[in-house]
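Please read them with the structure open.

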Amino acid sequence: DVDQDGPALVGDPDMGFANLRQFGPTLIHHTQLKVRSDIQNNNFMLVDSPGMIDSPVSAGGMSQYGGGAIMDRGYDFQGVVKWFAERADVVLLFFDPDKPGTTGETLSILLHSLGGMDHKLMIVLNKADQFRKIHDFARAYGSLCWNLSKVIPRKDLPRIFTMCLPASSTTTSSTDETGATVPPPIGSGLADLHQTRDDVVAEVMKAPKRRIDNVITHLNDSVHLLLMHARIVEDTRSRYSRMVWENRVQEGGTLATGASLTALGMYFSLPVEFTGGVVAATVLGVGGMHWYNSSKLKAHEDNLLTPEELGASFQRTHSREVSEADEFTSSVWQRIRDPLMVSLRTVGLDNTPTVGSKDIYALNQILDEDIPRLRRLASPTHFGSKVKGT
C-alpha cells in the first residue's frame, strides 16, 4: 500500500494530473493518492470528491447559478469536477436521503460541470435502507426529482438508481435508546433496491471496457470544437486582415503620390520650396493617415470581437447547419463562444495565425474517416460491420 500527497501526485509525470496546477495550491494540498493492493479488482482509479455544501457565497437557490468560479473552498470546485468528469469513464453522483438535491452547489454542478455527460453519468439516491416508512421514501424521491427538473432541460428525467445496503444488514429489527423495538427499514421490503445496487456495481465494473469508447468520444468532441473554433477564427481574422490591407493601400498610395510629385519637382528643377512642401505634406499626410487608420482598425477589431459579430461569423461559416436548425452545432457553438472571445481578445487578431484550407481538410478527414475507423476497431462486431469468415 502506498499513500502520496498532492504535490507529489501532481508532479508525477506518469500519472497525468499535472494540469491540476491550474486550479491553485489549495486543491493540490488537499489532494491525496491512496494505492491499495488488497482489493479484488485491478485497473481501477476511483476519485472521491468532497460533499456538496451551501456556503454563504453560493447559498440562495437558483438565483446564484451564474456559472462563475466560486472560490469559497479555496479553488474552483466546479472547474475541478468538470476536469475530472471529462476524463472519467463512469461518473456517480450520490444523493443522501436527508438532502436529496437541495443544496445549490449540487444543482450548480449538474448544470455547469456535468452538462453533456449524460452517457456516463449515473444519479444515485443512496442509503435508501435508512427510510422507515414508505411515505418518507416517496417524499425524498419526489424532492430529488423536483430539484433535478430545475437544471435538466427536458421533460423525461434520467434514471435515478436507488441503492441500499445488502439485505443481510437491514432485515433485523433494532431498539432505540429507550429500549423500544424499531421496525426494520424499508429496504427489507423492496428487493429491487438490492438489484439496482447490483446494476450500479455492474456498470462500474464495465469502466475499463468503456475506456476506449470514451477516449474516441472525447477525440470526436475535441475535433468538433477545434474545427468550429478554426472556422470562426479564420473568418474573423480574414475580415480584420482585409481592413489592414485597405489601410496599407491607402497609406502606400499616399506615399507613392508624394514621392512621384517630389521626383517630378526635382526632374523639372522646380523651386526647392515646392519640393520641400511636397515632402513635408507627404510625411504629415502618411503619418496622420496611419494614426487615423490605427485608431479605426482598433475600433474595428473591438467590434469584430463582440458577441454579436462572433455570432454573425458563426452563422456565415455554418449557414447550412443554422438553416437546418442543427442542435448539435448550436450546442458546440454555445460551448466555445465565451472561451473563443476571451482567447481572441487576449492574443489579438493581429497575432492570430492563419488557418489554411489544408488544416480544415485535415480536421474533416479525422471526423469523416479516422474516427469511424477507430469506432470499428473498438467494436468490430457491431451491427452492420463485416466480419471475416461470415
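**Notes on the predicted model**

1. Arg139 and Asp136 both sit in helix α5, three residues apart, which is about one turn of the helix. In an α-helix there are 3.6 residues a turn, so residues three or four places apart point the same way. Arg139 and Asp136 form a salt bridge, with the closest N and O atoms 2.9 Å apart. Arg139 is exposed, at a relative accessible area of 57%. The model is predicted, and side-chain atom pairs count only at pLDDT 80 or more.

2. Helix α5 spans residues 134-149 and packs on the sheet, where it touches β3, β4 and β5. Its direction makes about 155° with that of β5. The sheet is open and has three strands in the order β3-β4-β5, with parallel pairing. Its edge strands are β3 (91-95) and β5 (160-162), each pairing on one side only. From one strand to the next the twist averages 30°.

3. The pairing of β4 (residues 121-125) with β5 is parallel and runs over three bridges. Which residue of β5 is the bridge partner of Val124? The partner is Phe161.

4. Asp89 lies in the loop between α3 (77-87) and β3. Is Asp89 buried or exposed? Its relative accessible area is 14%, under the 20% cut-off, so Asp89 counts as buried. The side chain of Asp89 makes a polar contact of 3.1 Å with that of Arg211 and another of 3.0 Å with that of Asn214. Leaving aside residues up to four places away in sequence, Asp89 touches Lys120, Ala207, Arg210, Arg211 and Asn214.

5. The structure holds 18 salt bridges. One of them joins Arg87 and Glu86, with the closest N and O atoms 3.7 Å apart. Arg87 is partly exposed, with a relative accessible area of 37%, and Glu86 is also partly exposed, with 31%.

6. Another salt bridge links Glu324 to Arg320, the closest N and O atoms being 3.6 Å apart. Both of these residues, Glu324 and Arg320, are exposed.

7. Helix α9 covers residues 307-317, and Glu309, Leu310, Gly311, Ser313 and Phe314 are buried in it. What do the buried residues of α9 pack against? They pack against α7 (207-267), α8 (272-304), α10 (319-323) and α11 (327-347).

Note on methods: Residues numbered from 1 in each chain as written. Predicted model: local features only at pLDDT ≥ 70, side-chain atom pairs only at ≥ 80, totals over all residues. Heavy atoms only, no water. Pairing = 2+ DSSP bridges. Helix = DSSP H or I, 4+ residues; strand = E, 2+ residues; numbered from the N terminus. Axes fitted to C-alpha atoms, helices over the stretch in contact; angles between N-to-C directions. Contact = heavy atoms within 4.5 Å. Buried < 20%, exposed > 50% of the residue type's maximum accessible area, 1.4 Å probe, protein only. Polar contact = N/O pair within 3.5 Å; in protein donor to acceptor, adjacent residues only side chain to side chain. Salt bridge = Lys/Arg side-chain N within 4 Å of Asp/Glu carboxyl O.
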